[in-house]
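Have the 3D view open as you read.

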Amino acid sequence: MTQEIWTNENVEWVDIESTSFCNIDCPGCYRQVKRRKVDHILDKDILKFCNLKKWINKKYFPNLKLINFCGSIDEPTLHPEILDIVKYYNEKKIDVNISTNGSTKTKSFWRQLGQEKISVFFGIDGIDQESLQKYRVGSNFKKIQKNWREFIKAGGKATWQFIVFEHNEHLIEDARLMANNEGFEHFRLIYSHRSDNKESKRKIRDEEHEIICKYANQKRIFLSHTGALLPCCFFNSEYLQVYAGHEVETRFMKKYDELGGPLEINLKYNTPTEVMSGDLYQSVVDSWKDKPMERCWYTCKKAKQDIFIDEELHA
């Protein structure tokens with residue numbers, strides 16, 4: 001194994017799950033798939049802006065280039081301070097991206113967000129209300145359309161993100177054309193690996209000969225809405241169940257409990273440097289040599305990851 005563990009000094013990209021709130025009910029989302037186990041922790045908490053400023057900064061991450069607001073269970077625009085957060089990191093010359101269903105807030109909000117010239121990925125898996133709501137349950141196409149128009153008109157950089165299913169596969173070209181005509185800069189197709197999405201369309205990836213860690217290679221980490229700094233978003237599915245009070249019999253979570261749980265990886269009790277140089281992170285890398293953590297094996301060796309196909313648009 002030639003890969004070395006990533007450190008806080010070389011991290012360039014932080015994924016942030018800023019809240020536990022969401023306004024829609026996508027059937028393949030972790031919120032719905034694990035609803036019975038995690039329902040009592042949903043729609044409860046946010047990462048406080050004051051804590052984000054203390055934890056995610058150039059002091060601890062001197063090479064930080066991108067903050068991506070995209071969690072396992074959240075809709076980032078529902079964070080009450082998201083505009084202030086975006087402005088703060090913009091002033092620090094750190095790129096910001098938000099992944100959203102777009103069916104939130106007011107035109108004024110989206111205009112102000114666009115004025116910050118950030119990147120936003122709008123999750124739009126259809127071309128009208130009928131096709132959109134088949135997966136994005138509770139989303140409002142007309143509202144999203146008004147919001148993206150305000151955002152783009154104000155100078156925002158928009159990407160149309162389209163998860164491919166059996167029910168919408170025939171709409172890909174129409175969606176791409178609409179995205180181009182509406183001023184989106186990019187169009188992204190996602191072929192999901194999730195078995196929970198019974199009709200999702202898949203593309204098969206070849207299994208790797210060894211663990212090729214996506215997050216380590218991208219110099220990337222994941223911050224949960226609870227303050228836990230995790231090696232990647234894939235471990236968050238295990239972590240959230242334990243946080244909700246359930247046992248998860250994986251080597252990663254057993255090691256987490258053995259090391260003291262939140263006392264090992266939560267930024268409420270540790271600095272990012274202490275977390276990333278700690279035993280839990282090292283145990284993940286050490287496992288790659290002979291017996292990888294189950295999540296590493298499934299995701300980064302068996303290559304069970306979403307496949308993204310990105311296209312630049314030219315209006």
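Start with a pair of helices: the crossing of α11 and α14 is right-handed. Keep in mind that this is a predicted model. Helix α11 covers residues 251–258 and helix α14 covers residues 279–287; they pack at an angle of about 150°, and their axes are 10 Å apart. Angles over 145 degrees count as roughly antiparallel, so α11 and α14 are roughly antiparallel to each other.

Who does the touching? On the α11 side the contact is made by F252, K255 and Y256, and on the α14 side by L280, S283 and V284. Sort the residues of this contact by class and you get 4 nonpolar, 1 polar and 1 charged.

Now for the empty space. Rolling a probe the size of a water molecule over the atoms shows where such space is left. Here the count comes to 1 cavity of 30 Å³ or more. The largest cavity has a volume of about 100 Å³. It is lined by 14 residues, and the closest to its centre are C213, C232, F235, C296 and C300.

Which elements give two or more residues to that lining? They are α9 (214–217) and α15 (294–301). Of the elements, α15 gives the most, with 4 residues.

| Class | Lining of the largest cavity |
|---|---|
| Nonpolar | 11 residues |
| Polar | 1 residue |

Conventions: Residues numbered from 1 in each chain as written. Predicted model: local features only at pLDDT ≥ 70, side-chain atom pairs only at ≥ 80, totals over all residues. Heavy atoms only, no water. Axes fitted to C-alpha atoms, helices over the stretch in contact; angles between N-to-C directions. Parallel < 35°, antiparallel > 145°, perpendicular 65-115°, else oblique. Left-handed = near helix turned anticlockwise from the far one by under 90°. Contact = heavy atoms within 4.5 Å. Nonpolar A, V, L, I, M, F, W, Y, C, P; charged D, E, K, R; others polar. 1 Å grid on protein atoms, 1.4 Å probe; cavity = no way out; pocket = protein on both sides within 12 Å on 5 of 7 lines; lining within 4 Å. Points joined across faces, edges and corners; volume = space filled by probe spheres on them.
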